[in-house]
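Subject: The structure you asked to look at

Hi,

Here is the structure, ready for you to open in your viewer. Have a look around first, and then read on for what turned up.

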Amino acid sequence: MLMMALVPPATVQPAVVAPKSFGPLVEALEDVAEAYINGREADLPALVVASRKAWENARRNHPPVLTDPEAQAIDRGLDTMPILKPRHMAESALGLAGTVLGRMRPSRTRARLAADLATMLAWCRVEARSWDQVPNVAEACQPFLDHCAGGRHSAEARRITDYLGVLQDDLANRSVPGAKRDLRRLLELIDQAEKP
């Protein structure tokens, strides 16, 4: 969907879990990418350590939801992350988060995390000028927008939809500054729409 596949699909899939079980791990991994996007590269080593702790906590305190190859890929990814360049570190964190996200039950929280991850990955790909690898942010945001529609966050949902249109124009024009600005604004709007 929005992340690169880390491991081939398993023949036997474990059951999915509620986002509260593995949500903190996804958010810890998301913090790595957010720090890179916000120019806080000095924070990356500590955030990788925090992601490792969140992973160990998720494994210790929640039912198994990942296949052995997926769990091993997360271990390898977290082990390798500290030696990567900052952008690759952010993309690796997003890939690992996408693997975990795939095991969560559909919910508003999962939809918001998926929208965040796609938007952050798009920012990293725009930064690298990897235009053909920019995920479809509008498609990734749609489930979250569906959750927001008609509720108290409908105004934020309309603003997200408007910015998705602006983003499409900037992506079509291959405007790095414009697309990065649009993606940052989308992250802010998604965050605002999540608040009670």
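Predicted model: local features only at pLDDT ≥ 70, side-chain atom pairs only at ≥ 80, totals over all residues.

V48 and Y163 are 115 residues apart in sequence, and their C-alpha atoms are 31 Å apart in space.

In soluble globular proteins, nonpolar side chains tend to be buried together. Here, the largest nonpolar core has 62 residues, and M81 and I160 are the ones that touch the most other members. Which elements supply at least two residues each to this core? They are helix 1, helix 2 (44-61), helix 3, helix 4 (86-101), helix 5, helix 6 (137-148), helix 7 (154-172) and helix 8. Helix 5 gives the largest share of this core, with 11 residues.

I160 is also one end of a distance you can check. Q133 and I160 are 27 residues apart in sequence and 22 Å apart in space, C-alpha to C-alpha. Q133 has 43% relative accessibility, so it counts as partly exposed.

**An aromatic pair**

A pair of aromatic rings is described by the distance of the centres and the angle of the planes. The structure holds 1 aromatic pair. Why is the pair of Y36 and W123 called edge-to-face? The ring centres are 5.8 Å apart and the planes are at 85°, so the pair counts as edge-to-face, because the cut-off for that is an angle over 60 degrees. Y36 sits in helix 1 and W123 in helix 5, so the pair ties together parts that are 87 residues apart in sequence. Both partners are out of the open: Y36 is buried, with a relative accessible area of 9%, and W123 is buried as well, with 3%.

**Helix 3**

Helix 3 covers residues 68-80, which is 13 residues, and at 1.5 Å a residue it should span 18 Å. The C-alpha atoms at its ends are 18 Å apart, which agrees.

Which residues of helix 3 are buried? The list is E70, A71, A73, I74, D75, G77 and L78. An α-helix has 3.6 residues a turn, so residues three or four places apart point the same way.

A73 is worth a click. It belongs to helix 3 and is buried, with a relative accessible area of 8%. A73 and L145 are 72 residues apart in sequence, and 31 Å separates their C-alpha atoms in space.

V65 is in the loop between helix 2 and helix 3, and at 3% relative accessibility V65 counts as buried. V65 and V100 are 35 residues apart in sequence but 8.5 Å apart in space, C-alpha to C-alpha.

**A pocket**

Rolling a probe the size of a water molecule over the atoms shows where empty space is left. The second largest pocket has a volume of about 240 Å³. Its lining is made of E30, E34, N38, R112, D116, M120, R184, L187, E188, D191 and E194. Helix 1 (19-37), helix 5 (108-127) and helix 8 (176-194) each give two or more residues to that lining, and helix 8 has the largest share, with 5 residues. What classes of residue are there? The lining has 8 charged, 2 nonpolar and 1 polar.

**Two backbone details**

Finally, a pair of arginines in loops. R129, in the loop between helix 5 and helix 6, has a phi near 60°, a positive value in a residue other than glycine. R174 is not a glycine either, and its phi is positive at about 55°. You will find R174 in the loop between helix 7 and helix 8, where it is exposed, with a relative accessible area of 54%.

Enjoy exploring!

Terms used: Residues numbered from 1 in each chain as written. Heavy atoms only, no water. 1 Å grid on protein atoms, 1.4 Å probe; cavity = no way out; pocket = protein on both sides within 12 Å on 5 of 7 lines; lining within 4 Å. Points joined across faces, edges and corners; volume = space filled by probe spheres on them. Helix = DSSP H or I, 4+ residues; strand = E, 2+ residues; numbered from the N terminus. Nonpolar A, V, L, I, M, F, W, Y, C, P; charged D, E, K, R; others polar. Expected span 1.5 Å × (residues − 1). Buried < 20%, exposed > 50% of the residue type's maximum accessible area, 1.4 Å probe, protein only. Phe/Tyr/Trp six-rings, centres within 6.5 Å; stacked < 30°, edge-to-face > 60°. Core = buried A, V, L, I, M, F, W, Y, C linked by side-chain atoms within 4.5 Å.
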